[in-house]
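Hi,

Here is the structure I said I would pass on.

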Amino acid sequence: MTLAVARRAEATALFAAQGVPTRRVEDWKYSDLKSALGEAGIGAQVAQWHVTDLPAGVEQFDLSQANPPGWVIDNFARGTGNVMSAASLALSVGGVALRVPKGAAIADLLKLDFTGPGHVRALLVLEAGASLTLVEGVGLSEFRNVGFEIALGEGAALDHVRVSPADADAVLVEEAHVRLAAGAQYRAHFASFGSRLSRMELEIALEGAKAQAHLSGVSVLDGKRHSDVTTRMIHAVEDTLSTQLFKHVAGGNAKAVYQGKVTVAKGANGSDSNQSAKALLLGEAAEADLKPELEIFADDVKCAHGAAVGDLDADSLFYLRARGIPEAEARGLLLHAFLEDAVAQIANMDQRELVRTELLTALKVIA
Amino acid sequence: MLEIKNLHVSVGDKPILKGLTLSIQPGQVHAIMGPNGSGKSTLSYVLAGRAGYDITEGSITYNGEDLTALPPEERAAKGVFLAMQYPVEIPGVTTMTFLKTALNSQRRTRGESDLDAIGVLKLVRAKAKTLNVSEEMLKRALNVGFSGGEKKRLEILQMALFEPRLAILDETDSGLDIDALKLVAEGVNLLRSPERAMLVITHYQRLLDYIVPDRIHVLAKGRIVAEGGKELALELEAKGYEHILKDVA
Ligand SMILES: Nc1ncnc2c1ncn2[C@@H]1O[C@H](COP(=O)(O)OP(=O)(O)OP(=O)(O)O)[C@@H](O)[C@H]1O
Ligand SMILES: [Mg+2]
């Protein structure tokens with residue numbers, strides 16, 4: 001029996017109708033996937049996944065196997081009309097499903113890596129009251145498309161850390177669709193060092209009262225590298241909370257993109273959302289496209305959003321140099337300081353240190 | 001130690017210093033007073049090497065070397081220190097990290113070895129205590145949320161830590177309460193030595209009661225228009241700048 005036959009057929013039709021996005025598609029204006037892929041196109045290969053040391057208490061199912069358990073059938077392919085997500089569903093029978101059962105607090109990190117070219121699906125289910133830290137690894141490849149679904153039950157808590165390494169040639173896209181029940185919490189941090197085209201797209205549905213999503217991200221981009229984080233945050237019900245903080249540093253001909261749409265649905269009264277995206281450009285040819293957006297249909301909501309693009313503060317730079325810190329080091333220090341509040345949001349201390357170390361290395365090159 | 005000759009400086013196209021001449025010997029403390037906007041901070045920035053200040057004429061020699069040829073960080077390593085009138089707030093960099101980085105950067109530029117983290121910590125703590133800079137302030141982001149007086153005390157803490165050969169204090173006394181003023185003056189007096197020189201910019205005679213200068217210069221309209229001993233400060237306090245400026249064409 002193949003999983004979700006009807007939904008795969010729908011996905012196939014959707015992808016056939018829309019095709020690989022070009023920059024003429026509004027959502028893909030700053031990330032021309034079709035031209036980044038060139039002749040090769042998106043292919044129909046199945047990409048690989050790998051879980052290192054599955055923590056005790058986490059259940060794993062290989063999606064290419066027969067007889068999926070009930071929790072997979074219930075949660076798989078529930079996603080929306082996202083075109084690349086549809087492509088991964090249409091083109092790949094491979095992938096992984098993971099479940100943390102009710103009330104289980106998993107202390108060990110769950111390390112999930114995606115490698116190789118092609119399309120792959122992933123499903124992560126945290127049942128009510130469960131908690132987990134997911135560390136997602138992004139292997140380099142000429143092209144990969146990951147369709148990820150995350151379902152958080154009542155009061156479940158997921159920390160998600162994803163680091164996308166630097167590469168001039170890789171084209172890496174991922175769509176994560178996250179659903180949160182009442183009182184669930186999703187914290188995610190996306191560090192990106194950019195590739196030919198790199199896009200992390202998130203659709204987050206706050207479906208239960210008091211559900212919370214906190215997103216943060218940093219990118220350090222050089223050369224011709226590109227990094228795009230596109231988010232769609234849906235406050236579907238009352239008293240939901242979301243925060244987003246994205247910081248980018250771009251030099252050379254690099255391009256940083258943040259598109260974030262927050263929707264507060266009718267009746268989602270008392271919701272609170274905060275969105276901030278900032279970029280520092282280190283050269284004339286570097287580019288940042290920051291587009292926070294709000295759509296409010298409810299009453300009594302608190303929504304703030306802001307975006308700012310600038311360059312390094314000359315007064316600060318002079319102050320540090322006047323105290324003996326050489327220019328390149330002073331620039332590095334200021335860039336790191338600029339990124340720090342976003343990095344500080346990574347709850348897991350080891351992961352936070354890892355991201356910091358990688359940022360410092362990247363900043364040394366770019367400063 | 002410091003020889004400034006016929007210095008002309010413009011910001012953009014605007015001439016600000018117009019033929020300033022000043023000479024400071026090792027061991028001396030000089031004070032500069034002068035009306036708002038006369039060019040005192042401009043002089044201090046030019047000495048520290050800030051970009052955007054064009055020297056159109058004249059020279060600055062420091063220990064026999066052309067100071068203007070050096071980037072700010074090398075001036076610092078060679079012992080030039082400017083306590084700024086408006087210290088900059090830098091979110092995301094803790095004060096302690098900054099102090100450690102600055103101290104070791106200067107040492108490295110001079111070809112000395114780094115001090116280890118514990119060594120720096122001990123040194124900073126010892127100096128911080130005498131200047132009433134709390135442990136909590138050292139943990140906070142540099143100057144962020146510091147009161148005016150706290151910022152000034154941190155400038156003096158840096159001076160004590162870096163032990164410069166030429167210290168320039170740009171209105172370090174402004175905004176200080178009496179106790180803080182005494183602390184700052186003590187910090188300065190502790191550093192006074194036959195090898196060091198200081199240039200103290202101030203609006204108030206009061207500071208000069210505590211830091212007694214060898215010479216006072218009055219800067220107005222980009223030039224030194226009067227000079228004298230410490231009694232000049234008393235005269236200015238009593239009569240203001242009007243009567244001096246009247247004599248200057
Ligand atoms: N970046 C700048 N652009 C234009 N004008 C400037 C700039 N910096 C300084 N000036 C001008 O140069 C003149 C001298 O300024 P400066 O700050 O040196 O004065 P000051 O003597 O330190 O004054 P105060 O006693 O108020 O601190 C002022 O008229 C000021 O407006
Ligand atoms: Mg001034």
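Which element gives the most to the shell around ligand 1? That would be H1(B), with three residues. Before the rest, some housekeeping: this is a predicted model, where local features need pLDDT of at least 70 and side-chain atom pairs count only at pLDDT 80 or more, while totals for chains, interfaces and linings use all residues. Residues are numbered from 1 along each chain as its sequence is written, chains are lettered from A and ligands numbered from 1 in the order in which they are written, and side-chain values use heavy atoms, with hydrogens and water left out.

Ligand 1 first. It is surrounded by 14 residues (a residue counts if one of its heavy atoms lies within 4 Å), and the closest are B:Gly37, B:Lys40, B:Ser41, B:Thr42 and B:His203. By class, that shell has eight polar, three charged and three nonpolar residues (nonpolar is Ala, Val, Leu, Ile, Met, Phe, Trp, Tyr, Cys and Pro; charged is Asp, Glu, Lys and Arg; the others, Gly among them, are polar).

As for polar contacts (pairs of N or O atoms within 3.5 Å; within protein, one must be able to donate a hydrogen and the other to accept it, and residues adjacent in sequence count only if both atoms are side-chain atoms), the side chain of B:Asn36 puts an N or O atom 3.0 Å from an oxygen atom of ligand 1. On its own, ligand 1 has 640 Å² of accessible area, and the protein covers 63% of that (Shrake-Rupley method, 1.4 Å probe). Strand E2 (14–24) and helix H1 (40–48) of chain B are the elements that give two or more residues to the shell (DSSP runs, helices H or I of at least four residues and strands E of at least two, numbered from the N terminus).

Now the interface. 17 residues of chain A are in contact with 30 of chain B (heavy atoms within 4.5 Å). The two chains bury about 1,900 Å² between them, 65% of it on carbon and sulfur atoms (accessible area, 1.4 Å probe, lost on being put together and summed over both parts). On the chain A side, A:Phe318, A:Tyr319 and A:Arg323 lose the most area, together 41% of what that side buries.

There are three salt bridges between the chains (a side-chain nitrogen of Lys or Arg within 4 Å of a carboxyl oxygen of Asp or Glu). B:Arg50 and A:Asp315 form a salt bridge at 2.5 Å, N to O. Helix H5 (314–322) and helix H6 (327–343) of chain A each supply at least two residues of the side that touches chain B, and H5(A) has the largest share, seven residues.

Cheers
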